[in-house]
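Here is a short briefing for a first look. Take in the sequence and the structure, then read on by topic.

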Amino acid sequence: TNSLFNRANKLLSILEQHGFKAYIVGGAVRDSLMGRPVGDIDIATSASPAEVQSIFEKVIPVGIEHGTVIVRFDGESFEVTTFRVDGDYTDFRHPDHVLFVADIKEDLARRDFTINAMAMDKDGLVIDPFMGHQDIQLKLLRTVGKPKLRFEEDPLRMMRAIRFVSQLGFEMEATTFQALVDDISWIEKIAIERVTTEIKKMFEGINLTNGIELLIRSKAINYIPVLKENHQLERLLINNPKPLHSFTEIIATLHLLDRSISVDHWVKHWKLSNEVKRNATTLVQSITYYMEKRLDQWLVYRLPENLVSSFIRVLTWMVTDIDKKAINDQVVCMRKQLPIANLKHLAITGNEIVALKASLEKGPWINTCIAEIEKQVVCGNLPNCKNALREWVEAWSPPEIN
Ligand code: ATP
Ligand code: MG
């Protein structure tokens with residue numbers, strides 16, 4: 001991140017050389033003051049998007065109407081936004097119009113919380129009109145300006161508040177909390193994708209228990225699709241929440257805690273992708289298998305390598321006191337010893353099976369037979385060599401069909 005800050009500072013210098021003001025703003029300032037890792041750096045400037053485009057070679061116009069472009073600089077991407085204030089949010093998504101302004105302080109005033117409303121110049125000097133740094137030290141989440149107005153303007157800020165409590169472990173300042181409780185029903189108006197993005201970030205938080213408690217205490221859950229249908233969240237708390245790192249993990253966990261709500265139902269109402277659906281289903285299957293039979297070759301074979309860490313994280317919700325590292329080592333070791341990695345490695349093909357069973361008409365029995373061979377080979381009951389498999393097929397007969 002240090003070099004990321006160095007690059008950002010170079011970018012600020014260039015803008016200043018052209019006569020503009022420019023600052024690092026928002027989450028990057030907050031996180032660097034807190035000593036947290038900084039993900040990406042946002043920049044605010046007095047230059048207009050067109051002026052930014054004329055200064056830098058690679059500029060991607062991602063949101064010109066809101067004053068935002070992405071500048072590719074020194075191998076990194078920086079979101080550069082012209083100082084602005086927002087118009088009304090009639091669609092609860094984007095402000096209807098934005099107004100460019102000359103002063104960073106006006107720009108900071110439109111931001112949600114004091115800890116997010118600081119700017120830092122290229123020499124590390126912090127502009128902090130709302131005492132955000134003090135709130136960081138007090139571990140307090142406080143809106144910039146009157147909380148009721150700010151939440152009404154953009155109810156997503158209430159979801160952001162819940163996620164920051166989980167991420168940062170802060171308390172909510174009293175009037176901010178009161179407004180949150182009073183006005184939480186407004187979150188019903190926000191597009192589900194924006195809500196679930198914040199829920200996802202909440203689940204990553206190291207103070208997840210506080211985040212979930214707040215979600216319940218504020219009654220936010222009553223206005224969030226699917227969560228409002230049931231009370232998994234109370235169950236979540238009993239299970240001593242541990243951070244989860246993707247929608248896949250979240251959906252799998254929520255389903256495992258209450259099987260009456262299917263993975264498909266979550267995916268549909270939270271508008272998640274087919275990939276999430278597929279992976280969550282695989283995770284549920286693996287965890288269910290583990291709870292019945294523990295770890296064996298068959299489980300490891302069917303659990304894709306890229307889902308192993310997710311499997312372990314979800315498992316920590318289901319089983320108390322599991323040794324994450326031991327399980328991971330075991331999975332790695334067992335995977336190395338698997339006789340085959342996938343069906344293609346089987347020493348016999350579908351055609352060969354059909355030829356061996358010339359007396360049978362082609363039909364679904366072929367897949368049944370292959371699946372059985374696959375399982376026997378993976379579990380080490382049958383060697384993966386042609387002769388053994390041929391012999392096994394010759395002796396095999398399809399299950400009776402009634
Ligand atoms: P993260 O670490 O998740 O990136 P962040 O604070 O950077 O946290 P972003 O969503 O990246 O959050 O937003 C960048 C900045 O833009 C915020 O720090 C805040 O100043 C401002 N901001 C974002 N969303 C809103 C909002 N809904 N209302 C007001 N200001 C906002
Ligand atoms: Mg950010």
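## Sheet and hairpins

Strands β3 and β4 form a hairpin with four residues between them, and G67 in its turn has a positive phi of about 85°. Strands here are DSSP runs of E, at least two residues long; helices are runs of H or I, at least four long; both are numbered from the N terminus. The model is predicted: local features need pLDDT of at least 70, side-chain atom pairs count only at pLDDT 80 or more, and totals for chains, interfaces and linings use all residues. Residues are numbered from 1 along each chain as its sequence is written, while chains are lettered from A and ligands numbered from 1 in the order in which they are written.

**Pairing of the strands**

- Strands β3 (residues 58-63) and β4 (residues 68-73) run antiparallel and are joined by four bridges. Two strands pair if DSSP finds at least two bridges between them.
- K58 has R72 in β4 as its bridge partner.
- β4 also pairs with β5 (residues 76-82), in the antiparallel sense, over six bridges.
- β2 and β5 pair in the parallel sense over four bridges. Here D42 has E79 in β5 as its bridge partner.

**The sheet as a whole**

- What is the order of the strands in the open sheet? The seven strands run β3-β4-β5-β2-β1-β8-β9, with mixed pairing.
- β3 and β9 (126-127) stand at the edges with a single partner strand each, so one side of each has no neighbour in the sheet.
- In a regular strand the side chains alternate between the two faces of the sheet.

**Around ligand 1**

- The residues around ligand 1 are G26, G27, G39, D42, R111, D112, N116, A117, D154, L156, R157 and K201. To be listed, a residue needs its C-beta atom, placed from the backbone, within 6 Å of the ligand.
- This shell divides into six charged, four polar and two nonpolar residues. Asp, Glu, Lys and Arg count as charged; Ala, Val, Leu, Ile, Met, Phe, Trp, Tyr, Cys and Pro as nonpolar; the others, Gly among them, as polar.

**Binding-site annotation: D40 and D42**

- An unreviewed UniProt entry gives "binding site" for D40 and D42. UniProt positions follow the numbering used here, feature names are shortened, and annotations may be inferred rather than shown by experiment.
- D40 sits in the loop between α2 (27-34) and β2 (42-45). D40 is partly exposed, because 13 other C-beta atoms lie within 10 Å. The scale is: buried at 20 or more other C-beta atoms within 10 Å of a residue's own, exposed at 12 or fewer, partly exposed in between, with C-beta atoms placed from the backbone.
- D42 lies in strand β2. D42 counts as partly exposed, with 17 C-beta neighbours inside 10 Å.
- Beyond its neighbours within four places in sequence, D42 is in contact with V25, G26, A28, E79 and T81. Contact means that the C-beta atoms of two residues, placed from the backbone, lie within 7 Å.

- G27 lies in helix α2. G27 is partly exposed, with 18 other C-beta atoms within 10 Å.
- D154 lies in the loop between α6 (147-153) and α7. Is D154 buried or exposed? D154 is buried, because 21 other C-beta atoms lie within 10 Å.
- R160 belongs to helix α7 (residues 156-168). R160 counts as buried, with 21 C-beta neighbours inside 10 Å.
- Leaving aside neighbours within four places in sequence, R160 is in contact with D112 and E198.

- T176 lies in helix α8 (residues 174-183). T176 is buried, with 23 other C-beta atoms within 10 Å.
- In helix α16 (residues 308-318), the residues S310, F311, V314, L315 and W317 are buried. Seen down the axis of α16, they fall within an arc of 145°, so they line one face of the helix. The arc is that of the directions from the helix axis to the C-beta atoms.
- These buried residues of α16 pack against α12 (247-257) and α14 (274-293).
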